[in-house]
Amino acid sequence: MVAGKNVCLRQLSRGDRSLEVRFNRFLGHDKVTTERIIESWSESTVAAVEGRHVLAIQDTSEIHFNTTPQRRRGLGEIGHGNSHGVLLHPLLAVDADNGTCLGLLTGEVWTREGRRTLSHDSRELSDKESQRWSATALAAKPLLASATGVTLLGDRESDIFALYASAAEHGYHVIARSMHDRKLADSAGLYAAIDAMVPIERRTIQLPARAQRPARQADLELRFGAIELARPQSKFLRDLPKSLHLAIVDVREINAGSDVEPLHWCLLTSHEVAAAEGAWRIVEWYKQRWIIEQFFRVLKTQGLKLEDSQIGSADRLLKLVAIAAKAAVITIQLLQARDGSKQSAHIAFNASEIAMLAALNRQYEAKSKRLKNPYLPDSLPWAAWIIGRLGGWDGYPSSRPPGPITFRNGLQYFHALAAGWSLRDMCMP
């Protein structure tokens, strides 16, 4: 999938009907389960998190598959009930110090079974989809045992009192963007308390271009302070603490033009924030949440085009989504590696593939004395340089760095070579 930048089994099999059938049989096998595939996500990530402060970034994405009333494929409703598909909730590990994507840890893939008639407020937390935020974080705890620290990080949907309480109980820190104007322990409103805080500092930052937003500068005003967050008045939360000590870091854009939506992040965190430097650090960590958005784009519209799959049943689609998630994170790691991260190549390639990369590297360096791979052997940037060359990049520092298409082409060629490399020591009778 990484090589072909696609999840279509027919295209991956390159016209080999027997290979396509084998792929389908693999997905349909009873011993190949979504849960087992998700367990394999963390095989290389566990070693990568050792000794690091890890940002454990969560989010949920709806994966829409085209259906008709006659061909639902067993898929449940998503969105506002007008589409059918699968939901993916992964947890990505990212180095807090340098933003390196360390890999996937755990997560959930599911499709809804029917429409719930009982209201959201009338259900136990364990009976709500929002429980996945706490459940996923708890499942990742043994995988993060060697990390020096863990900060759970999520967007507005993760603004859940039960998540804050669970994180504190299990030794995690948390950063979440506020969705609700909550009550504080003194009965004041959260947003009123923030507005009453005195602005501490201003900074001008450069906002990079996004799909629906050109690059621009933003003047930001910083507020921060400690709060005591009151427990929501729900009978299902009475076993949780009456209040939690948290900090607020609020950054809002000032002097924004009339033609742009002003940036405003209201962040709740369990980290102690005593000075402006610490508050800006929380903002910098929250900016790393963009990596999971990039992950979803690679998975869908700008990469593997997962939503184009025509596999005919929900159980096989769930497995395909879990496999494609691993392919998407490897692509993210290669894109980061082109900029010179210090990650090991073993995070994306096995020992045999690394040996073949070394042979290819010697070949490419021999073609031109002026062109040398500038990175440490066996590092991920070293591997990305070779894959880029295979994909048609000229390798010169003055040239534009390789992008997703170049990596796709390079990986496609690399894996074709790998098939022959794996047979190099085979003796024919």
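Glutamate 221 is buried, at a relative accessible area of 9%; buried means under 20%, exposed over 50%, and partly exposed in between, with a 1.4 Å probe and protein chains only. This is a predicted model, where local features need pLDDT of at least 70, side-chain atom pairs count only at pLDDT 80 or more, and totals for chains, interfaces and linings use all residues. Residues are numbered from 1 along each chain as its sequence is written, and side-chain values use heavy atoms, leaving out hydrogens and water.

The partner of glutamate 221 is arginine 202, in a salt bridge of 3.1 Å, N to O (a side-chain nitrogen of Lys or Arg within 4 Å of a carboxyl oxygen of Asp or Glu). Arginine 202 sits in strand E8, residues 201-207, and glutamate 221 in strand E9, residues 216-230, 19 residues apart. Strands here are DSSP runs of at least two residues, helices are H or I runs of at least four, and both are numbered from the N terminus. Arginine 202 is exposed, at 56%.

Strand E9 also holds arginine 216, which is linked to glutamate 253 in strand E10, residues 243-254, 37 residues apart.

Next, glutamate 129 and arginine 112. Their closest N and O atoms are 2.7 Å apart. Both residues lie in the loop between strand E5 (101-110) and helix H5 (132-140), so the pair ties together parts 17 residues apart in sequence. Glutamate 129 is partly exposed at 29% relative accessibility, and arginine 112 is partly exposed at 25%.

The structure holds 17 salt bridges.
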